[in-house]
Amino acid sequence: MKRLDKILSEAGAASRRELKDAIRAGRVTVDGAVIVDPAKQFDEAEAQICLDGKPVMLCRTVILMLNKPVGYLTATEDATEKTVMELIPEQYRRLGVKPVGRLDKETEGLLLFTNDGDLTHRLISPKSEVWKTYYAEHEGTATPEDVELFRDGLTLRDGSVCRSAELTPLGNDSSLIRVCEGKYHQVRRMMASRGMHVTYLRRIGEGNLMLGDLPLGEIREVSPEEL
Ligand code: URA
């Protein structure tokens with residue numbers, strides 16, 4: 001059994017303060033009856049709770065897509081730097097969402113968040129082979145030989161060997177790169193190993209999800225079906 005205002009705030013419905021006011025104002029029903037006492041206790045597994053007539057999804061799983069701007073660390077907290085959590089509205093932070101994998105501070109683009117630990121594990125496990133697509137601007141021009149080496153599994157300057165990846169030159173100084181693993185600074189290091197210093201990097205796809213026209217710094221919810 002748990003207090004009504006606590007159940008609702010854990011569900012991310014609003015802040016505890018706002019929820020107390022909403023309950024006192026008669027906007028919350030439990031099993032069809034208006035409850036005006038925020039401290040009244042209910043079994044969250046059994047109770048049918050509505051706020052303003054709409055059922056509240058308790059402990060719901062959330063998946064979010066952020067178009068990450070440059071300058072934010074992929075971390076849940078940091079003593080000195082801005083983190084991607086600052087771009088996540090409080091209603092989702094309250095639900096316990098965390099970044100899935102990471103993008104470098106200098107990289108833009110698609111970053112997923114969820115409060116489902118199993119899903120995070122499945123998305124970042126190398127066994128799952130989730131393909132990620134990047135748009136890169138770089139010095140130098142990608143050649144057919146580079147394309148072949150990416151496909152065969154590139155050896156980085158530190159000797160580590162990458163899985164087969166796709167390199168699609170788009171012109172003299174930009175390319176699409178698709179990889180199915182997440183080594184540290186992987187795309188930048190793959191390109192550098194072929195003498196192409198990356199000057200701009202944006203992740204535009206992960207699995208079958210595409211960033212599309214989501215504005216920079218904005219988030220949207222992703223349904224489990226989309227994944
Ligand atoms: N590869 C990189 O070099 N940076 C990223 O942020 C992601 C992949």
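This is a predicted model: local features need pLDDT of at least 70, side-chain atom pairs count only at pLDDT 80 or more; totals for chains, interfaces and linings use all residues.
The structure contains 1 aromatic pair. The partners are Y135 and Y200, arranged edge-to-face, with 6.1 Å from centre to centre and an angle of 65° between the planes. Y135 belongs to strand β10 (residues 132-138) and Y200 to strand β13 (residues 198-206), so the pair ties together parts that are 65 residues apart in sequence. Both Y135 and Y200 are buried. Another ring, that of Y72, has a charged neighbour: K82 lies over its face, at 4.4 Å from the ring centre.

Helix α2 spans residues 16-24, and its residues L19, A22 and I23 are buried. These residues cover an arc of only 100° around the axis, which puts them on the same side of α2. An α-helix has 3.6 residues a turn, so residues three or four places apart point the same way. After α2 comes G26, which has a positive phi, near 80°.

T107 is located in the loop between β8 (98-99) and β9 (108-114). Its relative accessible area is 1%, so T107 counts as buried, the cut-off being under 20%. Leaving aside residues up to four places away in sequence, T107 touches K68, P69, R188, L201 and R202. With one of these, R188, the contact is also polar: the side chains of T107 and R188 meet at 2.8 Å.

Key:
Residues are numbered from 1 along each chain as its sequence is written. Side-chain values use heavy atoms; hydrogens and water are left out. Rings of Phe, Tyr and Trp (its six-membered ring) pair if their centres lie within 6.5 Å; planes under 30 degrees apart count as stacked, over 60 as edge-to-face and the rest as tilted. Helices (H or I, at least four residues) and strands (E, at least two) are DSSP runs, numbered from the N terminus. Buried means under 20% relative accessible area, exposed over 50%, partly exposed in between (1.4 Å probe, protein chains only). A charge sits over a ring if NZ of Lys or CZ of Arg is within 6 Å of the ring centre and within 35 degrees of the ring normal. The arc is that of the directions from the helix axis to the C-beta atoms. A polar contact is a pair of N or O atoms within 3.5 Å; within protein, one must be able to donate a hydrogen and the other to accept it, and residues adjacent in sequence count only if both atoms are side-chain atoms. Contact means heavy atoms within 4.5 Å.
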